[in-house]
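The following note is intended for a colleague who meets this structure for the first time.

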2 protein chains.
Amino acid sequence: MLNIAMAQIKVTPGHPDQNTQRMLAMIAEAKAKGVDVIIFPELCIPGYLLGDTWEQPAFLRDCESYGDDIIKASEDIVILFGNVAMDWEKKNNDGRVRKYNALFCAQDGRLVAPDNMPYPFIIKTLMPNYREFDDTRYFFSLQKLAREIGTTAERLLSPLTLDIKGERYRIGGLLCEDGWSDDYNLTPIAELNRHHDIDFFVNISASPYTLGKNEKRNRVFGAEAKAAHTPLFYVNNVGLQNNGKTIYTFDGSSTVYSASGRIIRVCPAYEESLCCTELERIDSLPEVAQEALPDIAHIYRALSYGIREFLAEIHMKKVVIGISGGIDSAVAAALYASIVAPENLLLINMPSVFNSQTTQGLSQKLAENLGCQYMIVPIQEAVDLTKEQLEGLPVTRLSDGTVSHLAVSSFVMENIQARDRSARVLAGAAAAFGGGFTCNANKAETTVGYSTLYGDQSGFLAALADLWKHQVYELANYLNHTVYQREVIPQGIIDIVPSAELSNAQNVDEGKGDPLRYPYHDYLFRAFIERWQKATPEDLLLWYTEGTVEEHLGCAPGLVQEYFPTAQAFIDDLERWWNQFTGMAVAKRIQAPPILAISRRAYGFDHRESQDGPYYTRRYRQRKAKLLAAATGQK
Amino acid sequence: MLNIAMAQIKVTPGHPDQNTQRMLAMIAEAKAKGVDVIIFPELCIPGYLLGDTWEQPAFLRDCESYGDDIIKASEDIVILFGNVAMDWEKKNNDGRVRKYNALFCAQDGRLVAPDNMPYPFIIKTLMPNYREFDDTRYFFSLQKLAREIGTTAERLLSPLTLDIKGERYRIGGLLCEDGWSDDYNLTPIAELNRHHDIDFFVNISASPYTLGKNEKRNRVFGAEAKAAHTPLFYVNNVGLQNNGKTIYTFDGSSTVYSASGRIIRVCPAYEESLCCTELERIDSLPEVAQEALPDIAHIYRALSYGIREFLAEIHMKKVVIGISGGIDSAVAAALYASIVAPENLLLINMPSVFNSQTTQGLSQKLAENLGCQYMIVPIQEAVDLTKEQLEGLPVTRLSDGTVSHLAVSSFVMENIQARDRSARVLAGAAAAFGGGFTCNANKAETTVGYSTLYGDQSGFLAALADLWKHQVYELANYLNHTVYQREVIPQGIIDIVPSAELSNAQNVDEGKGDPLRYPYHDYLFRAFIERWQKATPEDLLLWYTEGTVEEHLGCAPGLVQEYFPTAQAFIDDLERWWNQFTGMAVAKRIQAPPILAISRRAYGFDHRESQDGPYYTRRYRQRKAKLLAAATGQK
């Protein structure tokens, strides 16, 4: 019996010392449990999302040095682990030292080389270079190496052959994307399987959590194991990694697929775990029942884990949240209250003359329900002082002594209020409280920049900025019904019209609020950003002409007719938000806080942007002219 | 005689309509001048730095459509131009439509295909994937295509063969990085030259300006032309492109290299230009004298062009600058005053009780010298109100009615002042004035986050954030001596000790100021970020042990001994700033304004970062222990 353990460790990016310590502890545990082969995730020594830390030779040498510690620990156990591998004699195409994203196999204190490879490690063949992934920026792929030494990747792809307890085993080693080969003209697992008698496959991964990705992986990896008639061990890490603008949770969920493609072991999500399986028993083990949670439960789990880990990572214990009596800040408060101790959570309501008694009362009720610290800091005095100074103090042309005065419009006053709340009150209070303050923006607002820079678009973390407005509501209900099992978020907050309350035009008691019609705009914006083939106004006009807008967007049928009685109205709305999305909103996102990602496309490093201003294609302009001409003709 | 024109147009990224219009105008001009072959830059229809706009199929179809317009315009002229080329039947590795970064050649309204290529265009072979470049994220390279169709890039690399005015010509076509092949194991120009009788090479580029890059290009491209015994036309665009966090100027500087590698034509930097050369006369033309400007002149030109273009691009006419009487804001003011009309430039001084009469006087003098609008907005009242509210208003635990109060420390007060100036006064004034306000941070501050988020670390553009402090001083002198030729920046501002004036500890009249010793720290920080092999504390300790710190950093000799009498002092300083650089400063940069790049490594998208906290390698810790033990032993 070959006892194989999946070592689902937490990886702390950029801290090889901590990761190696965790690995050594788990190796000791595995040895105590009689494990023969232990498998660690991809790049588990350095971490994966490190930005340009890969350009520090000292860091690379450090990773090599910690890798040696792991190799030395392989007495009486076979260790498979991911690390960066260097060839100090060669260069990458950027002129820096040659780096491979590698899978090492150590036995008896020495590395075991693959059967046909110029190095004693397996090299990642397929390099993801989309979404948050930048593998090609740092790592030389197996395909490039093959070209360099005048052979093919197919020939270099070879198993590890090991003698363990007197038996000979062949292991097929893969790294993450190697198992996702659909869009490449090379399938590493098939190549390995074609020429060799593989006993089991190993896919070591560093795979950030995305809603729905695990289901897809189970289909893809299950099918691969089945096609190869060989068990497959998928080992992923837990923890939190980021590339600055976007923060990813890693859920682990390491899985064993049997030779018939069934799932027979799954490590718990977001927990470190050493999970042992006897190779020979795999095909007789029962299928593991998959957790059937609604999406919002997955979202809550990812957000909750992400916030907790992020706070720990930046050593932040205390959190300040500005609460308005609206849904976004209420959900943020309830979410953080499930993570941060009540004495370390300070909710602040900051009324101006435009804030209704309704929302002030709801804020207080929310703070009561959560049992945390509460403060009311009125902003009217400061806002009035600002207006008074800006309008009252002279603007002088010193060359000729000409004096003029600035005029503060009501629109300018709206933003002055928003900045007063965040940059004056919340930032000051957070510093005095000894913590940070949150950004409560959702994804719809973030898409069109319906926010104020240095105002509500600020904070140390935007935990809800990858959730559409309807998901924020779902999360509110989930928090009340499932997490707290009581009405911590007052129903009044869920029922009230969403409003910024920055002017009389946004009076909630009169049912006035945001210009966004979320049941439609949530889905329109999703098409701009989350579709693999991104939608633009040109596509929207085509769908409008066909009468298939709702079908393509996935929103409720009939909305287009309900919201936009004419083609002109539809076009005006489309252009209004497209102008915002590709205009001011880009400038705001450049300076936005880091976003916790859960969707298939989050803002930040996942969705790279240039500040280029709105653009309409020629075909859009033609379709628009035709539509409007037809509309006029009908009149 | 073959009349060849370099068409150095301005490329507006993401606006194929505008670019095509400019191209058609220049084609008409070229026809009128009897040009036979006109050469446009790389990706001149779509632009180059577009972020994930490449994922919009409608945008791609639009680029194709505008490309057709250019092809149609090729009656009586041969047009070489860059555009994205699609194969709608195939996919990239991300599953999206196949895209090539291509060089098209049109003649008589039709495309001319290279001699051995499955498509009627030349495909970029080498794909930069470092610094700001992300080519591999979007484009399928010639090498990948070769692999896919079972051949080699070497075989596909083939010239364009054309009959022009009864003569047969062979053109070797290259795209940008194809000419920078030092670190690749394929040299496109040598491959083309080996098998074919090339009459001239063309390298179409979209090459962002970097200080010193043109000198390097002249060496590399001159050597290539000489080695091939063939003239080479390098055609680059002008304009401004960005990837959100980092903004690049494109200087054009299109150049003709003779067969002996001499420079015989150079288009003016940062100007649109149609520059004609007769092929047969190239080798008899005299070498062009190179402009011998000091670095600071190049920097001024790049910044000045960048600011002007950026303001135009975001449709901003009016600018507000907070001036403190210090060097950074003074240089920003003088720089913008050379671009923005005096009535559209508003300088605001915002004194608190900590601001000296000295700096207030210098601010006023600066505004007088520049002749622009000036305003004084004291912040003490608002700052006092904030302190009063934060300390005076109760913090209540609603569960039990416990009341406590926040305490505002003097450190917290420093940041309250900085945020009051930017987020309250400047942002409000800019909105009322109808413009934006600038971020005046330099690169040293930006490196270690010596700034306040939503305070001085905010604004619509950080034009000086790629300049070290000593370069800011150089720019001050250049503005006075060369640009204005009078003392617009008062000498007092140049001479005063740099200080934030946020507390009594930073009293300029007592010579107190920043904790940074710029003559050393400028160079230390440069080693962290700008060295191709990035330096870290491990390297610094090695150099310290060797006594080679100043030599490696490039700062004045003797500084280490002068500033740090002991190893402990050197280490304390090193760790203090490394902790900042890799700690809080990362968080601040994530939310920083876009930076105008001039150096070989700017913050933002050029230097990608993760918020992972400080790290010290094992070898660093060993060296440190040894050094400190030795120091103790000596005592």
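1. Strand β19 (residues 395–397) of chain A and strand β18 (residues 373–376) of chain B are antiparallel and are joined by two bridges. Strands here are DSSP E runs of at least two residues and helices are H or I runs of at least four, numbered from the N terminus; two strands pair if DSSP finds at least two bridges between them. Within this pairing, A:Arg397 stands opposite B:Gln373 in β18(B).

2. The model is predicted: local features need pLDDT of at least 70 and side-chain atom pairs count only at pLDDT 80 or more, while totals for chains, interfaces and linings use all residues. Residues are numbered from 1 along each chain as its sequence is written, and chains are lettered from A and ligands numbered from 1 in the order in which they are written.

3. Strand β18 (residues 373–376) of chain A likewise runs antiparallel to strand β19 (residues 395–397) of chain B, with two bridges between them. Here A:Tyr374 faces B:Thr396 in β19(B).

4. Which strands make up the open sheet of six strands? Their order is β20(A)-β19(A)-β18(B)-β17(B)-β16(B)-β21(B), and the pairing is mixed. The edges are β20 (402–404) of chain A and β21 (435–437) of chain B; each has a single partner strand, so one side of each lacks a neighbour in the sheet. On average, neighbouring strands of this sheet are turned by 25 degrees against each other, direction ignored.

5. Helix α12 (residues 410–433) of chain B lies across β16 (318–322), β17 (345–349) and β21 of chain B, and runs at about 160 degrees to β16(B). Such angles run from 0 to 180 degrees between N-to-C directions, and axes are lines fitted to C-alpha atoms, for helices over the stretch in contact.

6. Between the chains, 95 residues of chain A are in contact with 95 residues of chain B, contact meaning that the C-beta atoms, placed from the backbone, lie within 7 Å. Helix α12 (residues 410–433) of chain A gives the largest share of the chain A side, 13 residues. That side divides into 38 nonpolar, 30 polar and 27 charged residues. Nonpolar covers Ala, Val, Leu, Ile, Met, Phe, Trp, Tyr, Cys and Pro; charged covers Asp, Glu, Lys and Arg; the others, Gly among them, are polar.

7. In chain B, helix α9 (residues 327–337) and helix α14 (residues 469–483) pack at an angle of about 40 degrees, their axes 10 Å apart. The two are therefore oblique to each other, where under 35 degrees counts as roughly parallel, over 145 as roughly antiparallel, 65 to 115 as roughly perpendicular and the rest as oblique. Residues in the contact include B:Val331 and B:Leu335 of α9(B) and B:Leu475 and B:Leu479 of α14(B). By class, the contact has 10 nonpolar, no polar and one charged residues.

8. Helix α17 (residues 537–546) and helix α20 (residues 567–582) of chain B cross at roughly 160 degrees, with axes that come within 11 Å. They are therefore roughly antiparallel. Among the residues in contact are B:Tyr544 of α17(B) and B:Trp578 of α20(B); the contact divides into six nonpolar, no polar and one charged.

9. Chain A is divided into domain 1 (3–292), domain 2 (293–514) and domain 3 (517–635), with bounds from an automatic or database domain assignment. In chain A, 24 residues of domain 2 are in contact with 25 residues of domain 3.

Note on methods
Contact = placed C-beta atoms within 7 Å.
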